[in-house]
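Subject: Structure handover

Hello,

Here is the structure for you to open. Please have a look at it first, then read my notes below.

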Amino acid sequence: MKSFDIIVIGGGRASAFAQEATKAGKSVALIERDRLGGTCPNNGCVPSKLLIGYADVAKRIKEASRHHISASIDHIDLEQIFKNVNHWVDRVDPRYESRLPENLCLYRGEAKFIENKIIQVNGEKLSAEQIIIGTGARPRPADFSHLPTWTSNDLFPFKHEIPKSIAIVGGGFISCELANFFQAVGINVTLLVRGNTLLSNEDKTISAIFKEQFSEFVTAKFDTTITDAKHDGKKFHLSLDEDSKQTEITVDALLYATGRIPNTDNLDIENTDIILNKRGFIERDAKLETAVKGVYAIGDVAGTYQLQHAARFETNHLVESLIKAPNETKPEITFPMMPHAVFTDPEIAAVGITEQDLDRNDISRDDVVIVETNWKSSARLLSWRLEYPITKLIVKKSDYSIIGCHMIGPESSTMIHQILMLIHLDNDIRKLPNMIHIHPSLSESLLESAMNAISEIDG
Ligand SMILES: Cc1cc2nc3c(=O)[nH]c(=O)nc-3n(C[C@H](O)[C@H](O)[C@H](O)COP(=O)(O)OP(=O)(O)OC[C@H]3O[C@@H](n4cnc5c(N)ncnc54)[C@H](O)[C@@H]3O)c2cc1C
């Protein structure tokens, strides 16, 4: 049996830990069963955002008439679009491999636990005192899995015939981002949503605006489930229960984006004392340590956030506590409020608590102000000729700290960094109006949001 200081399972975000540990002189085994880099660059954040770039251009042309400009799209070279994205994805694994330190031992295969500190890969047994599990998550399998249905994994790299129409099941961010792309480039989308909201994790004001705006562009069927699906070799014939009415649609492709499940069922975790929660994610403490001392879990496999920047934050924490200051008492991780964005049109960005979650978190409405401000004070927004963009701020009366910020409008994912910086440095909304804002930028609209919140508190 080969013995290492550290074994890292999963070549996604955890590969950064493996690199740092090797550079610090540890003997490290990194085990990856698929493509190095993991979900984000191979079939997640990056390729999905590369698609959004094409969608943005197509949508601007389609909406030109709003600006009294008549324009039309002659042709969208979808083959070339997918070729470009595939080309980018194809280079990820070799790029990641080339960055690995020479003395890091890379195993390409599926890791399985034999016992707490012994792993088997490709028939070989490896042991280490410290093991990092960063095996991520994967799309929840599609219903009707005997049919050639897709999940997001089937899009990157894309190796199928390009459909003319697609039904997408799910109302979360992956579903909406992909629907946004397909519809914008001329592939007819029908979104099938079990409930009656889109992006139900967002603040209720934001998801309501989103639903209204997005439904104008993408056909969305709410309170809808697929009761039967058939495939005739070319097309899907779907029977739907649409708000208790039985209907049928025919589409070229059927994509499921109904959530992600942890990659814990492939690890033979039952051979260890590691504990999983009810949803199959790994339980860990505030030091990111599992029920087995010396075995840690980071990223999607622990299910805390399922965001790339959260996985990076956890990886960095572990680098600090296990590699850079290993002899000191290991610090507990303190998560800041975790921001996120939805790269659709309309674009959304948010951080902190939603209005509907105040009660669940025992925060009294008397202790906060909730202020919704549209962006019309920004002349730049006027040039976009949009009515809906707003920022919703939830601010604590006692110390003027922002506990929630929710935006919907162009460039929200960039705009919110102004708020993130404020929260990070000295969370006091009164500091924002002291900063000079460029006139008439989109960001200037936040000035008015802040002043509205402050005057509401000051009365
Ligand atoms: C379509 C899509 C869009 C997304 N967009 C965003 C976004 O805009 N912003 C954002 O923050 N997040 C986004 N995410 C989520 C983000 O990609 C993940 O949160 C992030 O990649 C998680 O990193 P990880 O290292 O925990 O897991 P992963 O990157 O999934 O890495 C886990 C690795 O472990 C390997 N593995 C699994 N089991 C084993 C085993 N037994 N042995 C060996 N190797 C194993 C896997 O092959 C994989 O390479 C998106 C996800 C998807 C699917």
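Two strands count as paired if DSSP finds at least two bridges between them. Keep that in mind for Ile-119, which stands opposite Leu-126 in β6. One caution before going on: this is a predicted model.

**Around β6**

Start with β5, residues 118-121. Four bridges join β5 to β6, and the two strands run antiparallel. They form a hairpin with two residues between them. Look at the turn: Asn-122 sits there, with a positive phi of about 50 degrees.

Now follow β6 to its other partners. Strand β1 (residues 2-9) pairs with β6 (residues 124-133) in the parallel sense, over seven bridges. Within that pairing, Val-8 has Ile-132 as its bridge partner in β6. Strand β16 (residues 295-297) also runs parallel to β6, and three bridges join them. Here Ile-131 is partnered with Val-295 in β16.

**The open sheet**

Next, find the open sheet of four strands. Its order is β10-β9-β8-β14, and the pairing is parallel. Which strands stand at the edges? They are β10 (219-221) and β14 (253-256). Each has a single partner strand, so one side of each is left without a neighbour in the sheet. On average, neighbouring strands of this sheet are turned by 20 degrees against each other, direction ignored.

Take β8 and β9 as the example. Strand β8 covers residues 165-169, strand β9 covers residues 188-192, and five bridges pair them in the parallel sense. Ser-165 stands opposite Asn-188 in β9.

A helix goes with this sheet. Helix α6 (residues 173-184) lies across β8, β9 and β14. It runs at about 160 degrees to β9.

Best wishes

Definitions and conventions:
Residues numbered from 1 in each chain as written. Predicted model: local features only at pLDDT ≥ 70, side-chain atom pairs only at ≥ 80, totals over all residues. Axes fitted to C-alpha atoms, helices over the stretch in contact; angles between N-to-C directions. Contact = placed C-beta atoms within 7 Å.
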